[in-house]
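Please open the model in a viewer and keep the sequence at hand.

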There are 2 protein chains.
Amino acid sequence: MATRSTIMDTNSFRPEAAEGVAPEILAMTRRRARLLGPAYRLFYRDPVHLVRGEGAHLFDADGERYLDVYNNVASVGHGHPRVVEAVHRQMTTLNTHTRYLHEAVLDYAEDLLGTMPAQIGRLMLLCTGSEANDLAVRVAQAHTGRRGVIVTAEAYHGNTAVVSQLSPALGSAQPLAPWMRTVPEPDPRLAGSEDLAGWYAAQVSAQIADLERSGFGFAAFLADSIFSSDGVFPDPAGFLAPTVDAVHSAGGVFVADEVQPGFARTGSAFWGFERHGVVPDVVTTGKPMGNGIPVSGMAARPEVLASFAGELPYFNTFGGNPVSVAAAQAVLDVIREEGLQQNADLVGAVLLSELRSLAAEHEVVGQVRGAGLYLGLEVVSPDDGAPDRDRALDLVEELRRRRVLTSVCGGQGNVLKLRPPLVFSPSDAEWLVTALAGALTTVAP
Amino acid sequence: MATRSTIMDTNSFRPEAAEGVAPEILAMTRRRARLLGPAYRLFYRDPVHLVRGEGAHLFDADGERYLDVYNNVASVGHGHPRVVEAVHRQMTTLNTHTRYLHEAVLDYAEDLLGTMPAQIGRLMLLCTGSEANDLAVRVAQAHTGRRGVIVTAEAYHGNTAVVSQLSPALGSAQPLAPWMRTVPEPDPRLAGSEDLAGWYAAQVSAQIADLERSGFGFAAFLADSIFSSDGVFPDPAGFLAPTVDAVHSAGGVFVADEVQPGFARTGSAFWGFERHGVVPDVVTTGKPMGNGIPVSGMAARPEVLASFAGELPYFNTFGGNPVSVAAAQAVLDVIREEGLQQNADLVGAVLLSELRSLAAEHEVVGQVRGAGLYLGLEVVSPDDGAPDRDRALDLVEELRRRRVLTSVCGGQGNVLKLRPPLVFSPSDAEWLVTALAGALTTVAP
């Protein structure tokens with residue numbers, strides 16, 4: 001169980017430690033505190049005030065250029081003209097709901113489902129990844145007639161009442177569902193001499209058995225196949241297959257939360273689950289789907305959807321509206337036409353190799369893991385190799401001073417999360433590696 | 001408790017009763033059935049295929065013009081150029097999340113909070129009304145330390161797992177929360193000789209007492225102040241005041257769900273709760289807020305938010321992003337600059353009066369109720385004045401043939417829901433009244 005919030009409270013601005021922050025920035029933070037709810041968190045001890053974006057770059061109010069190594073929402077690049085144009089054209093034409101007929105939502109559904117295994121035959125469109133996971137849990141529970149859901153130890157699946165209770169990464173103040181169980185992150189070091197795939201299936205099977213004993217029964221294993229908030233664990237590709245077999249043997253549903261790895265990010269595959277050679281029962285999508293226009297999806301096997309949606313009406317006012325669909329369609333088109341999956345693969349591979357070279361030179365860098373343009377770099381103590389959260393946060397701040405934007409993830413909060421827009425170029429990668437080398441020298445001279 | 005779904009399953013297309021439907025429309029319905037989840041419902045026995053919108057008008061693929069008397073999302077009018085332009089400008093500039101500083105979200109929060117009572121001091125931005133109500137329930141429960149929520153008998157508050165359980169309008173297949181209680185719709189006929197205000201407060205107090213006895217305790221009364229899905233009950237303005245006093249006396253939270261009545265719709269007030277002279281603890285907003293761009297809000301008294309958000313991080317990836325905020329700001333600006341609140345007031349009053357004249361001429365029309373541009377028209381049996389759902393549905397279909405788009409609401413499904421964009425003009429009202437007079441003659445010759 002998490003004892004702190006790794007997702008939200010890491011490198012936050014704190015008014016009580018704001019020395020050195022420019023007066024105009026401080027004034028904005030005070031205005032935020034006065035107007036917005038206290039749950040809002042600002043990144044960085046010295047927050048950034050961004051006014052413009054282009055490709056993988058962001059610009060602050062002083063015109064300074066930043067390298068975006070964090071934002072997977074603007075996946076095809078900030079302000080991509082193709083998405084801007086598609087949204088503009090549709091907004092001038094029509095934006096209404098799905099109780100009237102519209103071609104675009106059907107064309108998009110056909111296109112998106114075409115990227116998934118043939119078994120995943122139906123799509124529902126919503127506005128946020130949270131809504132998609134919330135619905136996926138209801139669908140899995142309706143299909144199985146049971147309640148229990150298994151997630152990973154540091155999972156984050158969204159912000160609704162129910163999925164918050166399935167998100168231990170929110171920290172110890174967040175109550176968790178009594179019908180939730182966790183499995184550890186799939187870290188080969190935890191598996192020890194066992195093979196990871198078998199060990200992981202055994203972990204999940206043990207929690208299935210526990211749910212069955214508890215009377216809740218087992219409904220679903222809900223997981224992000226790159227295990228991003230657990231600290232990025234992509235390897236070896238395929239290790240999830242025996243786990244998914246175990247889920248199916250127990251009559252459960254595998255919900256692949258593709259909000260993080262989906263839409264070509266992992267380079268070798270369009271969907272994260274593909275790397276594992278598995279076919280999910282439900283696939284949820286979100287963040288990068290509309291390049292910033294709120295759109296999300298829940299695709300499923302028809303037979304899994306049937307029990308839920310045969311009886312229960314479900315309507316999402318904005319979900320699948322023509323403007324959201326125009327954005328989503330433009331994103332799919334751009335990924336293909338600009339070869340962004342290949343770019344993620346190529347640039348990601350170069351980056352992984354360069355970061356591993358850095359690791360060899362810097363004692364405070366532990367493992368570097370990644371698939372495509374989703375990478376994690378561990379920051380560890382030079383004395384004993386233990387996770388070093390404080391130094392990781394210092395590194396994030398030091399990178400921000402070098403105008404490179406990123407953050408941390410993982411149960412110990414010590415893994416640098418490197419998740420740039422997919423248009424990240426070789427020279428962007430060069431900038432990142434150079435900045436990181438300098439920042440490492442500063443935080444661990 | 002609802003025994004059928006009034007919200008979703010009213011005037012739906014049914015493939016088994018599709019005679020007379022054009023082949024190209026049928027082909028689209030089959031494509032939908034093949035690609036989208038079975039929960040999707042299509043309006044009308046003969047569905048409409050809309051391709052363009054302008055103001056209060058919509059156009060189908062054959063170029064036929066329809067009068068939109070249903071869509072409160074396109075509140076300032078379909079394709080309003082000011083909203084289109086604001087979104088386009090911001091999309092070409094920057095669209096990112098709220099962990100970086102941005103002026104527009106602060107300007108908007110200040111502007112929106114300025115339209116509310118001074119006690120409502122903090123805003124959180126989300127993507128859908130469902131997300132706003134889901135969060136409001138969590139906030140109320142965290143603030144009071146209790147669980148119980150009271151809603152109306154035919155309430156619909158959204159589609160997440162938790163708010164679906166607070167939405168009896170979803171019908172008998174939807175499980176309801178054990179900690180939920182309902183009160184009847186505020187229909188003066190149910191209050192009999194008692195005054196509505198006192199009777200309603202007594203209804204709510206009885207449910208508060210029941211929740212206290214049950215051990216769940218009382219956290220919140222969650223209500224839409226125009227009681228739209230209950231059948232539209234706006235009068236007399238002020239009747240909610242003793243109820244809100246009772247809620248506060250019991251230490252509970254009043255959540256005003258303004259997704260339906262908010263943003264100037266009721267004409268006499270910008271917010272529905274204002275008509276009742278009450279100050280809510282939490283205000284949720286949705287549908288019309290961004291004229292179709294997914295954006296919603298939860299505004300609250302700071303002391304009510306404190307217990308939730310002081311400890312719990314809450315982050316909404318798309319919520320409050322600069323593009324959503326640009327749309328929302330343009331909507332606020334247009335409402336003011338085009339005087340849409342006054343338009344709702346004036347055109348709404350004319351419409352109410354004309355519809356009441358129709359009622360006097362047609363035995364199948366019962367009460368006509370409304371505030372501004374949110375009106376409900378009861379369809380009843382000419383024999384005994386009982387609610388006549390089937391005839392109401394026939395009337396909706398007959399109006400659709402006359403190219404007037406609307407639907408029904410209410411526990412008996414017999415109330416025509418008239419909820420057009422706020423730019424509805426006197427000649428639009430004329431069209432509606434003429435079409436309705438003709439349609440009434442057809443369904444009740």
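**Stop 1: a strand residue in chain A**

Begin by selecting Met124(A), which is placed in strand 4 of chain A. The model is a predicted one. Is Met124(A) buried or exposed? Its relative accessibility is 1%, and because buried means under 20%, Met124(A) counts as buried.

Display next what surrounds this residue. Beyond those up to four places away in sequence, Met124(A) touches Leu135(A), Ser296(A), Gly297(A), Met298(A), Leu305(A) and Tyr314(A) in chain A, together with Gly37(B), Ala39(B) and Tyr40(B) in chain B.

**Stop 2**

Now colour the model by chain.

Select the residues at the boundary. In chain A, 96 residues are in contact with 96 residues of chain B. The two chains bury about 8800 Å² between them, with 61% of this on carbon and sulfur atoms. Which residues of chain A lose the most area to chain B? They are Arg99(A), Tyr100(A) and Leu101(A), which together account for 10% of what that side buries.

To view a salt bridge, select Arg31(A) and Asp107(B), whose closest N and O atoms are 2.8 Å apart. The interface also holds 51 residue pairs in polar contact. Highlight helix 1 (residues 23–35) of chain A as well: with 8 residues, this helix gives the most to the side of chain A that touches chain B.

**Stop 3: Leu405(B)**

Move to Leu405(B), in strand 13 (residues 404–405) of chain B. Leu405(B) has a relative accessible area of 0% and is buried. Apart from neighbours within four places in sequence, Leu405(B) is in contact with Tyr100(A) of the other chain and with residues of chain B, among them Tyr44(B), Val48(B), Leu50(B), Tyr66(B) and Arg400(B).

**Stop 4: around helix 3**

Select Asp111(B) in helix 3 (residues 103–114) of chain B. Its side chain makes a polar contact with the side chain of Arg336(B) at 2.5 Å. Beyond four places in sequence, Asp111(B) is in contact with Gln329(B), Leu332(B), Asp333(B) and Arg336(B).

Then go to chain A and select Thr115(A), in the loop between helix 3 (103–114) and strand 4 (122–126). The side chain of Thr115(A) reaches the backbone oxygen of Leu112(A) at 2.5 Å. Setting aside neighbours within four places in sequence, Thr115(A) is in contact with Phe270(A), Trp271(A) and Arg336(A).

**Stop 5: the nonpolar core**

Finish with Phe221(A) and Phe221(B). Of the 297 residues in the largest nonpolar core, these two touch the most other members. Centre the view on Phe221(A) and show its contacts beyond four places in sequence, which include Ile150(A), Val183(A), Tyr200(A), Leu240(A), Thr243(A) and Phe254(A).

Notes:
Residues are numbered from 1 along each chain as its sequence is written. Chains are lettered from A and ligands numbered from 1 in the order in which they are written. This is a predicted model: local features need pLDDT of at least 70, side-chain atom pairs count only at pLDDT 80 or more; totals for chains, interfaces and linings use all residues. Side-chain values use heavy atoms; hydrogens and water are left out. A nonpolar core is a set of buried Ala, Val, Leu, Ile, Met, Phe, Trp, Tyr and Cys residues joined through side-chain atoms within 4.5 Å. Buried means under 20% relative accessible area, exposed over 50%, partly exposed in between (1.4 Å probe, protein chains only). Contact means heavy atoms within 4.5 Å. Buried area is the accessible area (1.4 Å probe) that two parts lose on being put together, summed over both. A salt bridge is a side-chain nitrogen of Lys or Arg within 4 Å of a carboxyl oxygen of Asp or Glu. A polar contact is a pair of N or O atoms within 3.5 Å; within protein, one must be able to donate a hydrogen and the other to accept it, and residues adjacent in sequence count only if both atoms are side-chain atoms. Helices (H or I, at least four residues) and strands (E, at least two) are DSSP runs, numbered from the N terminus.
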